[in-house]
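Okay, thanks everyone, let me share my screen. I'll go through one chain and then how it meets its partner.

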Amino acid sequence: MCMLLSITSYVTAQEGLQINEVFEGKILDKEEMRESLIKGETLEPYKLDMLHTIKFAANSKERAKVNALFIRDMEDRISNDDSNMEYESRDGYIYYAIVQITDNKKGRHRYICYQCRDKSDYYDITLAYMEGKASLADLRKTFKKK
Amino acid sequence: MNKVTSEYVRVLLDRYMNGENSQEELKLLKDYFCYTQDLPKDLIPYAQMFAILDEKQQTPSVEALDRFSEDQAPTTSRRIPLWPFVAAACIAAFAVIVLAPPQQKEESMAIAYVDGKELNDKALAMQIGQEALQEIFSNGNEEEQLHELFNAK
C-alpha cells in the first residue's frame, strides 16, 4: 500500500489537470500500469524538468473515461496552432494527441500527450506529462523516430 | 432528420462515456451538438468536447456560451476601485522578493513502477519514459501498425 502511494505523493505538478486521476490510479489500478517519473538533471539534455509517463491496457469503458478527461484538459490548450498542438481522432475518440497547455510560470512549457492503439479486444494507452523549456519542435526532433 | 430530444442525448452520452456507442449513435450526438442552437446548459461542456473531436463541427453558439458563463458567474456586480488592491499586491510582491529565502534547486529523482513494484532505477525509468515518448511522437510504430493491419483477421 505504501508503495502504491509513493509515486503519487511525489507528484504535485499535474495538479489541476483532469488526467491526474489516471496518473493517480483512480481510473485503473496502478498495479496494471508501467510508469516512470523523472525530475531534475537527468532530463537536462532534453530541456525538460519533469517527465511522467504511464502505459496500460484499458477496456472500452476505461478508454472512454481517459478520453473524456484528456479532452477536458485539451480545452486548456494554448492555441489550435500546429506549433502548440497536434492530434488525431477517429469514431468520436482521440487516438493521438500532443498538446501544449497554459502555464503561469514564465519560460516553462507544459505538455500533455496521449496515444491509444486499438488492439481489437483492448486498448493500449500511453499518457505523458512534461514540463520544461523545450518547445514542441524540440520534442519532435528529440523523440520522433527516424 | 427526426428531432433528437435532450433526454435521449443524455442517454447517448452515458453510453459514449462507457465506450458503448454505435456509429449511428455517435453520428446522432455529433449532429445534435453541431446543429442545435439552444442547448441545455448542462450539455454545453459536451458540445465543446465534441467540437474538439471534430474540427469541422461548430463550437457552441455565442449565445449558448454566454448563457453558460452567466450561470457560472456571480449574479451581482458593482464597481470596486482597483488601486488599493494594486498597492497591496506591489507591497506583497516586494516582500516576497526581498524576504524570501533563496530557492533551492529542485531535487532530482527517477523512479520506475513496473508490475506493482517501485524501483529506484534511473536507467529503467529513463528507458520507460523514452519509449513512451518515442511511441507518442512517432504516432505509434508505423511498421508495427501495418503488421497489425495486415494480420488483423
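So, what pattern does chain A follow, read along the sequence? The pattern is α-α-β-β-α-β-β-β-β-α, where helices (H or I, at least four residues) and strands (E, at least two) are DSSP runs numbered from the N terminus. That gives chain A four helices and six strands. Its radius of gyration, over C-alpha atoms, is 15 Å, close to the 15 Å from the globule rule for 146 residues, so chain A is as compact as a globular protein of that length. The rule, by the way, is 2.2 Å times the number of residues to the power 0.38.

A quick word on provenance: this is a predicted model, where local features need pLDDT of at least 70, side-chain atom pairs count only at 80 or more, and totals for chains, interfaces and linings use all residues. Residues are numbered from 1 along each chain as written, with chains lettered from A and ligands numbered from 1 in written order.

Now the interface. Contact here is C-beta atoms, placed from the backbone, within 7 Å. Chain A puts in 44 residues and chain B 37. On the chain B side, helix H6 (122-137) is among the contributing elements, and H6(B) supplies the largest share, 11 residues.

There's strand pairing across the chains too, which takes at least two DSSP bridges. Strand S1 of chain A (residues 34-39) runs antiparallel to S1(B), with five bridges joining them. Within that, A:Ser36 has B:Ala112 as its bridge partner.

Definitions and conventions:
Two residues are in contact if their C-beta atoms, placed from the backbone, lie within 7 Å.
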